[in-house]
Amino acid sequence: MGVISKTFGVVFSLLFEQEIMSYVPASGCATAEPSPAASPAATRSTRAPAPQRRDFEAKLRAFYRKLESKGYGQGPGKLKLHIRRDHLLEDAFRRIMSCSKKELQKGKLCVLWDGEEGLDYGGPSREFFFLLSRELFNPYYGLFEYSANDTYTVHVSPMSAFVDNHHEWFRFSGRVLGLALVHGYLLEAWFTRALYRALLRLPPALEDVDALDAQFAASLRWLQAARCVSSLELTFAVSERLADGRVLERELKAGGRDVPVTERNKKEYLEKLVRWRVERGVAEQSEWLVRGFHEVVDPRLVGAFDARELELVIAGAPELDVSDWRNNTEYRGGYHDAHPVILCFWQAIDRFTNEQRLRLVQFVTGTSSIPYEGFSALRGSTGPRRFCIERWGRIESLPRAHTCFNRLDLPPYPTLQLLHEKLLLAVEETNTFGIE
């Protein structure tokens with residue numbers, strides 16, 4: 001478990017084995033050709049319970065009104081990001097880290113993909129944050145790692161301390177989170193709840209430990225419910241094994257090794273133990289990430305959200321509701337909801353896996369995530385803009401997309417099979433922007 005108080009290793013570990021294991025429940029106005037496949041979506045739902053929904057939506061509207069009133073992302077200067085697709089991470093780091101706090105907060109974002117024509121009316125920026133977040137928060141690079149419970153939520157990795165210039169990389173990560181939030185773009189990244197609490201300067205909670213060490217979390221819950229805790233002879237100190245193999249004793253508060261845990265101070269002990277376990281090996285990295293985030297967004301502005309709400313604002317809802325999608329789709333060029341081609345389109349969507357649906361949404365809108373409110377809240381180049389399907393081209397053509405306008409140009413394919421094949425081919429094959 002990596003933590004043993006003075007007698008934790010002897011007394012408490014025995015209790016753990018005997019008691020706890022039985023206790024724990026088992027493009028610019030640009031036309032987008034298809035872009036790379038989105039990663040499989042999380043299998044969890046991030047939608048808030050219905051009673052909380054209205055309050056959250058009110059908070060969200062108030063938040064963006066405050067950003068606008070304070071000039072966030074309004075200019076007059078531009079925050080131009082010239083990005084090479086094959087050097088995405090390097091170019092983004094160099095440009096964003098060279099900006100002042102004022103440029104980050106006030107600059108009007110403009111993403112220019114090297115060698116690709118098109119103006120940024122929203123599509124290129126959305127794709128930029130989508131692709132950047134998939135790389136930056138990928139455990140492959142060593143800054144983050146998957147949680148103990150699943151392979152889609154991530155948290156700061158203790159091993160990141162061995163990454164060159166890791167302080168600046170975490171500061172950069174925080175700035176990316178802040179820029180996405182200010183400009184209203186969703187990220188292809190789902191973090192453990194502890195990270196969102198850190199961004200809000202909130203103390204970690206016991207449930208945050210579950211994502212790091214489920215057994216240790218179970219032991220804390222056992223201790224929380226236990227009586228006569230003084231008989232365990234615990235103190236406000238823990239033993240911590242470092243990455244190099246050394247074991248150090250850390251006091252949870254000044255003079256902690258000499259402070260016994262009793263019923264009266266058990267709550268304080270648990271709070272400090274939770275904070276220690278969540279921050280163990282990552283406190284410094286997390287602080288740099290939070291610092292970068294607050295260089296873009298004033299912490300007082302995001303203070304209205306709790307950690308769960310901030311998660312929804314940053315990552316959106318990863319699960320697709322096809323009924324919601326269909327109910328919030330509009331048609332042009334002679335198509336309508338009962339048109340044979342449109343009926344085939346929705347039959348093809350029913351055949352798609354959830355991953356393929358997300359790839360299609362990413363192809364048309366620039367990201368595989370959708371806002372908390374669902375498809376009704378999709379945004380285009382000039383504000384809210386619903387998913388749109390327009391008749392275009394000949395049956396020999398592949399579908400094409402306009403990410404600034406959330407529009408799919410769909411040829412009038414005569415059969416479901418042809419439409420299904422062409423749609424999949426378009427979504428999975430190419431990747432560029434061109435002038436409409």
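Contact here means heavy atoms within 4.5 Å. Helices (H or I, at least four residues) and strands (E, at least two) are DSSP runs, numbered from the N terminus. The structure is a predicted model, in which local features need pLDDT of at least 70, side-chain atom pairs count only at pLDDT 80 or more, and totals for chains, interfaces and linings use all residues. Residues are numbered from 1 along each chain as its sequence is written, and side-chain values use heavy atoms, with hydrogens and water left out.

Helix H3 spans residues 88–97 and is mostly covered. Of its 10 residues, 7 are buried. Buried means under 20% relative accessible area, exposed over 50%, and partly exposed in between (1.4 Å probe, protein chains only). The buried residues of H3 are Leu-88, Leu-89, Asp-91, Ala-92, Phe-93, Ile-96 and Met-97. Their cover includes strand S3 (78–83), helix H4 (101–106) and strand S4 (108–113). Helix H5 (123–136) and H6 are also among the covering elements.

Leaving aside neighbours within four places in sequence, the contacts of Phe-172 are Leu-89, Ala-92, Phe-93, Ile-96, Met-97, Leu-132 and Leu-136. Phe-172 also stands out in the largest nonpolar core, which has 65 residues. A nonpolar core is a set of buried Ala, Val, Leu, Ile, Met, Phe, Trp, Tyr and Cys residues joined through side-chain atoms within 4.5 Å. The residues with the most contacts inside the largest core are Phe-128, Phe-144, Phe-172 and Leu-199. H6 gives the most to this core, with 9 residues. In soluble globular proteins, nonpolar side chains tend to be buried together.

H6 also packs against another helix. Helix H6 (residues 166–183) and helix H11 (residues 283–296) pack at an angle of about 40°. Their axes are 6 Å apart. Axes are lines fitted to C-alpha atoms, for helices over the stretch in contact, and angles run from 0 to 180 degrees between N-to-C directions. The crossing of H6 and H11 is right-handed. A crossing is left-handed if the near helix is turned anticlockwise from the far one by less than a right angle, and right-handed if clockwise. The residues of this contact divide into 9 nonpolar, 7 polar and 5 charged. In this count Ala, Val, Leu, Ile, Met, Phe, Trp, Tyr, Cys and Pro are nonpolar, Asp, Glu, Lys and Arg are charged, and the others, Gly among them, are polar. Arg-291 is placed in H11. Its relative accessibility is 36%, so Arg-291 counts as partly exposed. The C-alpha atoms of Arg-291 and Phe-170 are separated by 8.9 Å, although the two residues are 121 residues apart along the chain.

A search of the whole structure finds 30 salt bridges. A salt bridge is a side-chain nitrogen of Lys or Arg within 4 Å of a carboxyl oxygen of Asp or Glu. Arg-300 is exposed, with a relative accessible area of 72%. Asp-298 counts as buried, at 19%. Arg-326 and Asp-337 form another, at 3.3 Å from N to O. This pair links distant parts of the chain, 11 residues apart. Arg-326 lies in helix H14 (residues 322–327), and Asp-337 in the loop between strand S10 (329–332) and helix H15 (340–351). Arg-326 is partly exposed at 29%, and Asp-337 is partly exposed at 38%.

The side chains of Arg-407 and Glu-390 meet at 3.0 Å, N to O, in a further salt bridge. Arg-407 lies in strand S15 (residues 407–410) and Glu-390 in strand S13 (residues 387–391), so the pair ties together parts 17 residues apart in sequence. Arg-407 is buried at 10%, whereas Glu-390 is partly exposed at 22%. Salt bridges that share partners also join Arg-84, Glu-90, Asp-91 and Arg-94 into one network.

A cis peptide bond joins Gly-75 and Pro-76, with omega about 10°. Pro-76 is found in the loop between helix H2 (50–69) and S3. Cys-228 has a positive phi, near 55°. Cys-228 lies in the loop between helix H9 (214–225) and strand S8 (237–241), and is exposed at 55% relative accessibility.
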